[in-house]
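Me: I am new to this structure and would like to know what stands behind the words used for it. Please set each term against its rule.

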Amino acid sequence: MEIRFPRNGLHKGFGTEEQPQETSRVLMNVRPYDVIGNMARGGQRPGLKKAYTQQIGGDTLPIVALLEVSVVVVE
Amino acid sequence: MIFVTGDRDAGNARTVWAYEDDGTPAWYYDTADATYKCVADAYNNVFIVGKKGDDGDGDKNLWKLNQAGTKVNSLYVQDEAVVYDVVLDEDGNVFIAKGTATATYQATKISPDFSTETEFAAGNLNTGNAIMASAIDGHIYEGSGGFADDFRKFDKDSLSTELFDEDESETCYGIAELSDGNVLAAMGENLYCYANDGSGEVWHYAFGAAYTNTRVVVDSDDNIYVSFNKYLARLDSDGNEIWKTTHADVLYGVAVAFDDSIIVCGARTGGYTVWDVTVATGALVDFIDTGTIARGVCGTGTVAAGGAIADSRKFTKKLVAIGNREVWYESTPGTMTELAAATGTLNTSAALMATEAAQKVFIVNGTTKKVVDFGNTKIATNDILLAPGTAIPTRGQKLTGGTSGALMIVDLITASDGACSVYGFRYSTATFATGETVTGTGGVSFVLNANEVAPPHYYNWITYAADTTTYGSVPEKITGVALYAGRILAWGHPPYEWYATRQMNPWDFNNGATDDARALFASNTSALRIGDTVVTAIPYKDDICVWGCANSLWCLIGNPAAGGTIQELDLTCGLLSANAHAWDNKENLFLITTSGLLVVPRGFGPPENLTEVRYPQFISDLAFDASIHRLTLTYDRQHNGLIICRTVLATGESTAWWFDLRSNGLFPEQYPNDCGMFSSHYYAAISPDYRKTLIGCNDGYIREYAAATKNDTLFDDTTQAIDSYVGLGPIPMSPKSGEGQLSNLHATLAGGLSGGGDDSSSVGFQVYAEDTAEEVISKMVNGSAPKAGGTFTGPGRMRGNKHTQKVRGSFAGVKLRNDTASQTWAFEKLTGDVKPTGRAK
């Protein structure tokens, strides 16, 4: 027996004895492309870290909109 | 470079002088007699005309010298004693205006290699003094002198077709053109502006006396500089005099040089023959001395040898985040700064949406409608209509600071009379200053009450000049906005209604116009009515916009004001949330709808449901309730997948999925409540360091997925381990539903290369074996007590990793798990021995 990571992810559509190849019903915080080598062999998801040190709004309240704007440079 | 022509200096035999842009001498050339005018091409080749001279190659009156001052070619054009003017067309043809000693006609076309000469077959037996090849209409304008038909327009190709003529009975010495195609003729007593279509004079500027050798040039902003005798004047494009200065001696030439600077030349005074013009005042700054009368000057851009490669980018980008009733923006790359003017003006507990358009962010928040303007400079006046006869600036109009010379293109004015702020794009380096009079064409004139204010600005979204009669009104209440084909789409009040601004004008909501760019609202256009409650608009390229509604999906195709139609995309499902859509890098559109995760393939084929087979209960398990949840769908360009996240508004608790577009697999995820996702955006920053998928989180911090980060970072910078697991199986233990035995489990984890690469941490495992597959799955899900377990030690395939313990059952499952802080893992394969043992009990 040789089993690989279920690269096709969650599958709950078939009977439990007919679980499709490379799928699973038991998954959490894993992804098919791992963060160590970026290969399709499966592993833990990447972590979430702060991208900016500033806290938007200065309080523990959610950021409700995030977007970008392009601005012309005056030469 | 700068090139100067002039009288021959007997002491230093020179008639052509070349300088670097800063006035450093480059080279000289001697044509053997006086030269009059010159013109340079894009390669710094210079073409010179003047009195015939023998530079050792026989009599010539046209010379082409390269940027090193070496003669490339020369010609004795029709044996003329004097050639007065020379220009080039875009094909490199040379056109000259010449005297009439032996020729009948005043203008000649010469091929780029000087091999052919063709006289214009029209003439009036007077001296041709000036010529211009229009960069706008491609025709040739020629000025001659003194009698009938002293200014004429010719067809460039036929050379015989005179398109129009003007007779001022004055000699024409200089010609230029404005950006609107109207042409300027500097004559003896006046500067005339003629309509390009031959309909005659538009305006004229009187010199006050008769002069010779008048000249005119126009800079890239349509400022006109005209020299006449000892005078130099700057006019606006309507012929209004901005200043007029008097020089000590006669000026013979004026030119636009490098970087739109203005230079003039003339009789030698004070040890100089060429001066740099201070464009704001007309003051002449000593610049170059050729030693003798300078009769012509021209300039070109300079390509610096061996210089650094300039940044070709003409724009930058800023990240904008909204939270806790505040707007923050990226003031410098990597640093977010609060926009103080916005503080407390938004209700971030209510529906809020924002879109970028025209260097601004338009924010709608119910009855609050705001603009964050990052592109415009603000100037202000106490009275935009200063006096009777003045006018308010129109959108797109150029304004000029009377003292500073600062230039602005108007975008928005806030009032049509009295106190007014003017927002516009300043494109000059000069800045607007308090007290100066700002003018524009059509009688625009007002006085500034403060120095200009740099962006960003924060103001109410209004229509132009707050003139509701002409421009309509911004809808009273808006819950969503999007940019589509140059229009801002707005919707939400009433829920089935949507509005569109005029194309390229977010300040115009007047739907009473009839042109194709007009503003509109859906209910007054039968082809645009939907009827369903609008959730959001999803623009796609320039002519398609998907309308996600509560119970249906629609597609707007084309210009809604010119034949555009609304067509059904799917009438069986609706969009769950305004943020529940994303485009991938292959132009597929993903939507979380009432029937599942849909993909609308590139080209708008039939939608495909990605969850109905693999996860039929996806929507019911999602249990999205807009009153208590936030639902976002994000395309992560870095990892090529979709992030689906349902966040509880009150707590930040998240239920998330990663849909990997490479394997087409759905993978559940969980994040700490601090990291609960409320907004997301792939930030295509200028700097690669900041170019990433960003998450607007529950705790007010912006986060990113980082491959090298093995934990989730919390509000207080502490970390939380990621609890990750996968269940392998169920594994049938016998081919005929009998029992079997599983043993000798061995896992190969990632890494273990000698001398390099990142390694997998160890992974715990639990082995389940039961009579049914469902039981195995249930126990793996619930974390029930396994029949066997242990740890596969990483990295790679370690000795001692084989676990020989045997388990029996009809189905087996192996759950791999790691919930240790600062660890991550990856997995190559699991091997084991399965041996049927007989019939099931």
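Reply: Two strands count as paired if DSSP finds at least two bridges between them. The model discussed here is predicted.

Me: What makes β1(A) and strand β69 of chain B a pair?

Reply: Two bridges join β1(A) to β69(B), residues 827-838. The rule asks for at least two bridges, so the two strands pair. They run antiparallel. One of the residues involved is A:I3, whose bridge partner in β69(B) is B:L830.

Me: How do you know that chain A and chain B are in contact, and how many residues take part?

Reply: Residues are in contact if their C-beta atoms lie within 7 Å. By that rule, 64 residues of chain A contact 105 residues of chain B. On chain A, β1, β2, β3, β4, β5 and β6 each supply at least two residues of the side that touches chain B. β6(A), residues 63-72, gives the most, with ten residues. By class, this side of chain A has 31 nonpolar, 19 polar and 14 charged residues.

Me: Why is chain B called more spread out than a compact globule?

Reply: For 841 residues the globule rule gives 28 Å, and the radius of gyration of chain B is 38 Å, well over that value, so the chain is more spread out than a compact globule. Its C-alpha trace spans about 125 × 65 × 50 Å along the principal axes. The centres of domain 3 and domain 5 of chain B are 74 Å apart; these domains cover residues 377-454 and 724-838. Chain B has three helices and 69 strands.

Me: What makes a set of residues a nonpolar core, and which members of the largest one touch the most others?

Reply: The members must be buried residues of nonpolar types, joined through C-beta atoms within 7 Å. Buried means that 20 or more other C-beta atoms lie within 10 Å. The largest core has 162 residues, and B:A321, B:I322, B:V481, B:L489 and B:A812 touch the most other members. Leaving aside residues up to four places away in sequence, B:I322 touches residues including A:I63, A:V64 and A:A65 of chain A, and B:V327, B:L346 and B:I363 of chain B. A second, separate core of 83 residues includes B:I131, B:F151, B:F228 and B:A257.

Me: What share of chain B counts as buried?

Reply: Of its 841 residues, 49% do.

Terms used. Residues are numbered from 1 along each chain as its sequence is written. Chains are lettered from A and ligands numbered from 1 in the order in which they are written. This is a predicted model: local features need pLDDT of at least 70, side-chain atom pairs count only at pLDDT 80 or more; totals for chains, interfaces and linings use all residues. A residue is buried if 20 or more other C-beta atoms lie within 10 Å of its own, exposed if 12 or fewer, and partly exposed in between; C-beta atoms are placed from the backbone. Two residues are in contact if their C-beta atoms, placed from the backbone, lie within 7 Å. Domain bounds come from an automatic or database domain assignment. Helices (H or I, at least four residues) and strands (E, at least two) are DSSP runs, numbered from the N terminus. Ala, Val, Leu, Ile, Met, Phe, Trp, Tyr, Cys and Pro count as nonpolar, Asp, Glu, Lys and Arg as charged, and the others, Gly among them, as polar. The radius of gyration is taken over C-alpha atoms; the globule rule is 2.2 Å times the number of residues to the power 0.38.
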